[in-house]
Amino acid sequence: MVNEMASFIRIRVNNLLRVSQDIALGKDSKLFFKVAGYLCLISFVGGMTDFLTLAYTSLVIILTIPALYERYEAHIDKFIIMEYRRLQQLYAFLDEKCFSKLQKWVVEKRKLS
């Protein structure tokens, strides 16, 4: 049983180290920016409170959010789907107005070089 647990922990640690190596070498930049964003958020929130208050608040949130979601699952899912569609429309608008122009500008710059 101890060998199985050690094997399980070894596999998890190796996966964590492999992902960390990919982030450090720049192979997964999307995950790098996610990690950097979450660390900035944690730093910001941690700078506003002390550790004990942050721990108690986190504990309350961790214990109440799943119960609230289970109780109001249909309403929450409907709201999330509605907001997801709104974000898709916003992305389409930004892609049409900004990103396509930026992409054309980059292609033109490369042709001139």
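How many aromatic pairs does a search of the whole structure find? The search finds one. This is a predicted model: local features need pLDDT of at least 70, side-chain atom pairs count only at pLDDT 80 or more, and totals for chains, interfaces and linings use all residues. Residues are numbered from 1 along each chain as its sequence is written, and side-chain values use heavy atoms, without hydrogens and water.

**View 1. The aromatic pair of Phe-32 and Phe-33.** Rings of Phe, Tyr and Trp (its six-membered ring) pair if their centres lie within 6.5 Å; planes under 30 degrees apart are stacked, over 60 edge-to-face, the rest tilted. Phe-32 is partly exposed at 39% relative accessibility. Phe-33 is exposed at 58%. (Buried is under 20% relative accessible area, exposed over 50%, partly exposed in between, with a 1.4 Å probe and protein chains only.)

**View 2. The annotated transmembrane regions.** An unreviewed UniProt entry places this feature at residues 31-48 and 54-72. Such annotations may be inferred rather than shown by experiment. Residues 31-48 are 100% helix and 0% strand, with end C-alpha atoms 26 Å apart. Residues 54-72 are 95% helix and 0% strand, and their end C-alpha atoms also lie 26 Å apart. (Helices are DSSP runs of H or I, at least four residues; strands are runs of E, at least two.)

**View 3. Helix α4, residues 73-112.** α4 bends by about 45° at Asp-95. The bend is the angle between axes fitted to the seven residues ending there and the seven starting there.

Technical notes:
The expected span of a helix is 1.5 Å times one less than its number of residues.
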